[in-house]
Amino acid sequence: MQTKIYLVILGMWAANYLPRMLPMVVLSKLKIPQPVIWWLGFVPAAVLGAILAPSILMPDKTLLISWHNNYLVAAAPALLVAVKTHSLVWTLLAGMLAMALLQY
Amino acid sequence: MSRATFLAGAKKSIPIMLGYTPLGLAFGVVAREQGLAVWQAALMSLTAFSGSGQFIAVGMLGAGFGVSAILLTTFLVNLRYLLFSASMAPHVGKLSTLAQSIVAFGITDETFTLNMSGFDRQAADRDFILGVNICPHLSWIINSALGAAVGSMIPDINRYGVNFALPAMFIALLVMQIKDRITLAVAVISGLISTGIALLTTNGSHIIAATVIAATIGVILCQCRQKSTS
């Protein structure tokens, strides 16, 4: 587990630094085709959707669409606050508060 | 190196530093939750400097994913840095390649936005950008360490809803990404595909598979829209 953590930390450096550095240093001289720009632009929303949906719809690895699914229920106030405020901090607080109350 | 210019950038970055305080604390708490030591959380904040990437990485570590799946997912979620870096490129042409590779290290959603807003009024300055980038980075590292240290002192921390910090973070990041209907459609399609695949498989491939399929559908939708309007 420790080796794995260090591998991830080291890899995270590369995975996060290269996309920040290469375009500025290299790609600035090239013209990226429009469909590629679109594709890159959709990737963050797609990744986040892909991570989020299973984590709230199937918290225990099986599909649970019901009032008994705390993750699904807590997502509602978090989503509302996120849409209203566009703030990471307020969304985090609203979601955690909802979850704390549901587990109380 | 001009100290005054650096400090001017640092001063501009104070709101970002404040914004990173609760997020860094939250990351530290979550990282500790998922089995990282205090200084491992701080080290990751130093090398990666990516809120979304780090939350995903520690979440996946805790869930038992393999190293390659974790890194590929982090890379994918941070593909937006390619766009940030490319859009800064025309403004930093006067900087040396070394200076470019150093200022690129500090690109985040927030520092990018702040730096770009400055480029409209004045030419890009190495020391100013460094000031804007480094101070929030320090805030991020210190608060990650604090969060991890404090988090480990509180027993049964999930009672306070910490187990929902990760999903809440993703909800906020996703909402910020939704700029138009096509992006919304891409996110929903991706979520459905991902859940479908996750129900059938257990190897963690659902995130990457759903992302590639949904982003491609988004490009097709864009091309359809362009044809219908032209």
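A helix here is a DSSP run of at least four residues, and helices are numbered from the N terminus. The views below are taken from a predicted model.

**View 1. B:Leu138 on helix α9 of chain B.** B:Leu138 is found in helix α9 of chain B, a helix that covers residues 126–151.

View 2. Together with B:Leu25, B:Ile134, B:Ile142 and B:Leu146, the residue B:Leu138 makes a nonpolar surface patch of about 410 Å². Helix α9 of chain B gives the most to this patch, with 4 residues.

**View 3. The surroundings of A:Arg20.** A:Arg20 lies in helix α1 of chain A, which runs over residues 2–25. With a relative accessibility of 0%, A:Arg20 falls under the 20% limit and therefore counts as buried. When neighbours within four places in sequence are left aside, the residues in contact with A:Arg20 include B:Phe49, B:Tyr81, B:Phe105 and B:Thr108.

**View 4. The largest nonpolar core and B:Met44.** The largest nonpolar core has 78 residues, and B:Met44, B:Phe55, B:Phe164 and B:Phe170 are those with the most contacts inside it. Helix α2 of chain A, residues 34–57, gives the most to this core, with 14 residues. Not counting residues up to four places away in sequence, B:Met44 touches residues of chain A, namely A:Val8, A:Ile9 and A:Met12, and also residues of chain B, among them B:Phe27, B:Leu36 and B:Phe49.

Definitions and conventions
Residues numbered from 1 in each chain as written. Chains lettered and ligands numbered in written order. Predicted model: local features only at pLDDT ≥ 70, side-chain atom pairs only at ≥ 80, totals over all residues. Heavy atoms only, no water. Helix = DSSP H or I, 4+ residues; strand = E, 2+ residues; numbered from the N terminus. Buried < 20%, exposed > 50% of the residue type's maximum accessible area, 1.4 Å probe, protein only. Contact = heavy atoms within 4.5 Å. Patch = residues over 30% accessible without salt bridge, like charges linked within 9 Å, V, L, I, M, F, W, Y side chains within 5 Å. Areas by Shrake-Rupley, 256 points an atom, 1.4 Å probe, with all protein chains shown as cover. Salt bridge = Lys/Arg side-chain N within 4 Å of Asp/Glu carboxyl O. Core = buried A, V, L, I, M, F, W, Y, C linked by side-chain atoms within 4.5 Å.
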